[in-house]
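Here are my notes on the model, as numbered points. Please read them with the structure open.

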Amino acid sequence: MPEIKKVLVANRGEIAIRIFRTCRKMGIKTVAIFTHADRKAPHVRYADEAYCITDGPHDTSYLKKDRIIDIAKEVGAAIHPGYGFYAENADFRRACDDAGVIFIGPSAEHIEMMGSKTGARAVMAEAGVPTVPGTKNPIRDVEDAKKVAREIGYPIMLKAVYGGGGKGMRLVHKEEDFESSFRMASSEALNAFGNGDVYMEKFIIQPHHVEVQVLGDMNGNAIHLFDRECSIQRRHQKVIEEAPSPFISEETRRKMCEVAANAIKKIGYYSAGTLEFIVGADQNFYFLEMNTRLQVEHPVTEMITGVDIVREMILVAEGKPLSYKQDEISINGHAIECRIYAEDPTNNFAPSPGLLTVYQTPEGPNVRVESGAYQGYEIPLYYDPMIAKVCANSRTRAGAIENMKRILSEYMICGIKTSIPFHLSVLKNETFLSGIYDTGFINNKFDMEELKRKQNLDITVPVIVASIKQLLSEKMAASRAVTRPDVGESNWKRFGRMINLSKTLG
Amino acid sequence: MAVKRTYYTTVDGYEGENVVEVVENAHADYTVTVDGKSYHVDFEQINETIYSVIIDGNSYAIDMSEKGDKFDILVNGDHFAVEVLDEMKRLMKMRTSSTVEGRQVIEAPMPGYIWKMLKEVGDEVKAGEPIMILVAMKMENEIKSPKDGVVTEIFVKASENPQESTVSIGDKLAVVE
């Protein structure tokens with residue numbers, strides 16, 4: 001493999017800038033691509049070269065496979081896909097190979113292998129990774145199924161083979177309920193999906209989402225960079241991540257990380273990847289899926305291990321060995337990441353695109369910010385609402401949380417609403433502070449606990465501030481009414497209404 | 001000349017009402033009495049939504065946005081929705097019932113584009129039934145009818161091309177009667 005001298009990032013926003021940063025550090029030239037809507041996006045200016053991939057403002061899509069690969073070929077760049085878009089797309093990877101363009105990521109075979117959830121589980125099970133126990137095939141005989149359920153242990157979950165959206169699903173706590181639950185799940189599945197096939201899986205109580213970062217090279221080396229806890233999720237979207245997981249024991253950590261590194265070594269995986277596990281309250285862990293890309297939350301791992309994952313990905317794509325051996329990797333402190341979304345947490349997290357009239361990112365020690373925005377930038381309607389990610393670290397988890405609170409308090413954004421207030425309230429939440437939270441926490445318990453906490457808050461300050469603002473607004477409205485008497489409703493009408501009102505109310 | 005006002009404030013999620021008396025002593029200099037307790041307040045606006053407020057020596061950086069008589073306020077990351085009414089508005093509010101009646105104009109709750117139209121003018125709708133789908137930042141948002149009735153007007157056209165169906169926050173979308 002030839003040396004990489006230039007990298008095109010087939011992505012936008014904060015992740016493009018994140019990858020460019022490592023390139024700049026390594027003395028590698030950078031190439032941005034952009035749509036008409038993104039002409040003023042910051043990644044365009046950060047790069048050494050920039051090419052528009054759309055024909056006009058009507059076209060807002062970054063999914064321009066042929067054009068992107070043509071540009072890379074022409075300018076002599078390798079392609080890093082970032083996350084989303086063409087990351088984890090085996091066809092794109094193959095097209096790069098065919099065009100003689102280096103793709104900074106895993107092989108097409110591995111992307112494909114992990115693309116199918118059931119396929120990935122089968123491969124991983126064979127490589128010695130524990131998967132959620134259950135039947136892979138539809139249940140045909142209830143008595144046989146009961147026997148299997150007894151072996152797995154209750155509670156178990158019955159799931160429609162062709163299902164989705166919670167239909168055809170039944171949680172079974174004890175054997176007496178098995179038959180009736182099975183019949184209900186099956187008929188529900190038949191009605192909803194036209195097929196009544198149902199399989200069963202062990203139900204994991206209070207599941208935690210813990211993932212292991214892995215790196216492999218083309219020379220057969222594979223290492224892990226320890227774990228991340230991603231259990232703070234809202235609508236299956238990660239909101240806060242931390243490394244290492246505050247929940248798993250040292251014993252579990254050792255086992256999980258070893259199993260992950262061994263598995264990717266066995267299947268010959270190279271570049272960066274993540275094995276997602278579900279961990280039960282009993283510390284048993286089961287493989288869920290593998291992400292064959294750089295993940296949004298990779299910085300927390302970089303902060304505790306000191307490894308630049310993007311740099312390793314570039315070296316591996318050049319065919320070089322990883323720069324670290326497993327015994328050189330250790331956990332140093334604790335790191336937390338908050339994803340800053342352009343959405344309004346006080347209005348059911350509705351998207352909030354718009355013009356950033358004030359945009360000031362936090363500064364000071366123990367902070368890492370990757371941002372795809374700036375003051376005066378108009379956040380486009382067409383792309384992901386994540387505008388930045390903010391990380392804090394410290395020697396301990398409590399210290400990292402304290403740092404994060406300080407850091408978020410300095411993040412000033414006007415013109416749009418962001419998820420920062422939501423993050424701050426999570427960071428004040430007692431269950432979060434305890435470190436023992438599962439994936440159901442935000443959806444099930446957080447609002448209640450938050451309500452309780454807020455009821456003890458003093459409302460004097462907001463009441464004073466709002467009242468003064470109201471007085472100022474009224475004064476301004478009055479002065480406007482004097483200078484432009486034709487604006488607004490007539491004072492006579494208002495007077496009449498007031499008279500009427502005082503009559504009706506006696 | 002000192003300006004003096006009396007307001008009645010309510011905060012979402014908190015019971016009861018506060019009586020607030022605001023006296024403007026000079027520019028940025030206020031005396032505010034909340035339920036009989038007085039505070040000295042130094043109030044400065046820094047930019048569009050950020051304010052620096054010093055209450056009896058305690059300094060606060062406050063993010064505030066105003067929607068009519070409602071104020072969205074962030075203090076140390078905690079959000080408060082405060083409604084501030086004078087005596088007349090308070091009386092009017094007590095009189096108007098909160099039920100949804102009559103002609104309802106549906107406005108865009110956020111900027112985005114109308115991706116799909118689900119109803120036509122003349123269609124009957126139930127309360128909560130979606131009339132169209134507004135897409136913003138890759139998220140689909142159902143625009144629902146606030147009441148049982150008939151769609152009498154639709155002001156927007158749906159298109160999968162965002163350029164052709166962009167709406168701003170507060171744009172009229174439809175009328176249900």
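1. A term first: two strands count as paired if DSSP finds at least two bridges between them. Strands (E, at least two residues) and helices (H or I, at least four) are DSSP runs, numbered from the N terminus.

2. This is a predicted model, in which local features need pLDDT of at least 70, side-chain atom pairs count only at pLDDT 80 or more, and totals for chains, interfaces and linings use all residues. Residues are numbered from 1 along each chain as its sequence is written, while chains are lettered from A and ligands numbered from 1 in the order in which they are written.

3. Three bridges join strand E1 (residues 6–9) of chain A to E4(A), and the two run parallel. Leu8(A) has Ile79(A) in E4(A) as its bridge partner.

4. These strands belong to an open sheet of four in chain A, ordered E3-E2-E1-E4 with parallel pairing. Strand E3 (49–52) and strand E4 (78–80) of chain A each have a single partner strand at the edges, so one side of each is left without a neighbour in the sheet.

5. Chain B has one helix and 16 strands. Its radius of gyration (over C-alpha atoms) is 21 Å, well over the 16 Å that the globule rule gives for 177 residues, so chain B is more spread out than a compact globule. That rule is 2.2 Å times the number of residues to the power 0.38.

6. The C-alpha trace of chain B spans about 55 × 35 × 30 Å along its principal axes.
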